[in-house]
Amino acid sequence: MKFLSDKAVDRLRQDANVPDLSGTRYQLLERVARGGMGVVYRALDEMLGRRVALKVLDLPAADVELARRLNREARVLARLEHPGIVPVHDVGTLADGRVFYAMKFVEGQRLDKHIETVTSLPDRLRLFLRICDAVAFAHARGVLHRDLKPANVMVGAFGEVLVMDWGLAKILREQPGVAAEEDPEVSILHSPEASGGPADAIEATQVTGQGTVLGTPGYMSPEQARGDVTHVDERSDIFSLGAFLRFLVTPPATANSHLRWRQDKALEAICAKATESNPANRYASVSELSADVSRYLDGLPVSARKETVFDRAARFYRRYTVAILLIAAYLIARTLILLFFHR
Amino acid sequence: MAGDQFPVTRWSVIDAVKSEDPTRHERALDTLFAAYWKPVYKYVRLRWNRPAEDAQDLTQGFFAEVLERELMAKYDPAKSKLRTYLRLCVDSFVMNQEKAARRQKRGGNATHLALDFQAAEGELAGATIDAASIPSPESLEQFFEKEWVRSLFALAVEDLRKFCAQRGRERTFRLFEDYDLSGDPEISYEKLAAQYAIPVTEVTNALSWARREFRRIALERLRELCGSDEEFRREARAVFGSDAA
């Protein structure tokens, strides 16, 4: 038996892992990143002459469970046509047996890196609202993301915000007319009749059975952390969004002075309500959460916090600072003139 | 579901060693020993700092112990990786030998495996392993893993060679050997094409086929050596080094 040197072992590891794209329309360009199930490569779609991202499974399709998960992720993405969700173009199996799907190649930065350049709190909140739009859209289509975190959001070169990595997504309810198109081999869906509401949603997938913990600590709701899949619903994503919002509004400890802003009680109340341990106490929908953030941005009272008179006055002052200062200046000037003429 | 995860064409040494069927049992042990004897020998040499002769006896003794004490039947895939279990068994075996303060001479009725220790010693003598670089338990685990991957790949390359010979694709294997196994940083598809007087596209296709088959064979061997689907996935990622690429 031939002895393999360290160099030979390394080369075998590298070369044997490169996906075999022969017989496909894609030409491999470079490895970009690795995800939970596979590796993402940048490739050229030779037929259309455009760059795409190829997500290729680690193991051959004979690994039924992983192949089903990747197929499922592609199908989840295919049903979510939204400017805030990365579009999928193609799905298939390579000559080496590995399942892949092709999606839009997003040139940009992960949000956790990009955010370092966003120094204004309102700009950060506006970014958050766009993420909420995409998630709310997915919820409206009956899809939960279940792994929302800054590393799973990309900000493109032209400021587009895209929610990525739907590998852990859960489908709560089927869209009318879609079930018939599903491949039964990869279908994880169940009909809306079987569901009495979010809390009753039954996950048909065998990937994430009861007791299986999927998600990222720090962004994962308590019910997800317990692996209690029957109680995971839209409010679990709302929990993650609340943790996400807290990340966005908390300046890093090492930040320069220009990155420091006041820790606002209203914002903190929004984060706290979204991340309540009891799902019943959280926002009922992403739209409610984003509406509260929008109200905050507009200087209006937020539903998450009951204001005191002082809070209201402070908010009123912040909202109409210029007008208040002008009026105050006018009144002071007027008083001084009156005093001067009455001497 | 279990059937989906482990189709009948696949098998695992973990199940097969418990089999009543002597042929299946023996094949499982052969597979296990083929993949692990060199990592075990080198590990004993370096971790326990044993001279070659002692390490040979201990390696033989260890595998005899695996057979006699049915260590594989005691392995629980839910608790650890097979590789880690075997490494800990080696540690425990060597420590017990030390405690007894005598080396167990193997012979007579004891099981004796035909292992090419000279080759393993030759590999150790090469510059590829630096004993000084493996002082901590973590690096020992890495060392054992590295040797195990080398052993797995060497077996898969040998299988590929036979596979190519069966299909009359000896030249494909030679191209694979020259490009992927030589470790020569100067080698290129163009050089190989000139050397074999064939078009570059033929080199590309041949290497693509050989790598695909190598990967398939290595994964099949790996699957045999794993106790569960989850362990197989973890090991496959570790072996093909996606993270390290």
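At what angle do the axes of helix 1 of chain A and helix 11 of chain B cross? The axes of helix 1 (residues 6–17) of chain A and helix 11 (residues 229–240) of chain B cross at roughly 115° and come within 8 Å. Axes are lines fitted to C-alpha atoms, for helices over the stretch in contact, with angles from 0 to 180 degrees between N-to-C directions. This is a predicted model, in which local features need pLDDT of at least 70 and side-chain atom pairs count only at pLDDT 80 or more, while totals for chains, interfaces and linings use all residues. Residues are numbered from 1 along each chain as its sequence is written, chains are lettered from A in the order in which they are written, and side-chain values use heavy atoms, without hydrogens and water.

**Helix contact**
- Helices (H or I, at least four residues) and strands (E, at least two) are DSSP runs, numbered from the N terminus.

**Sheet in chain A**
- Three strands form an open antiparallel sheet in the order 6-8-9 (strands pair if DSSP finds at least two bridges between them).
- The edge strands are strand 6 (108–110) and strand 9 (161–163), each pairing on one side only.
- Strand 8 (residues 153–156) pairs with strand 9 over three bridges, and L162(A) in strand 9 is the bridge partner of M154(A).
- Helix 4 (residues 121–140) lies across strand 8 and strand 9, at about 45° to strand 9.

Conventions:
Contact = heavy atoms within 4.5 Å.
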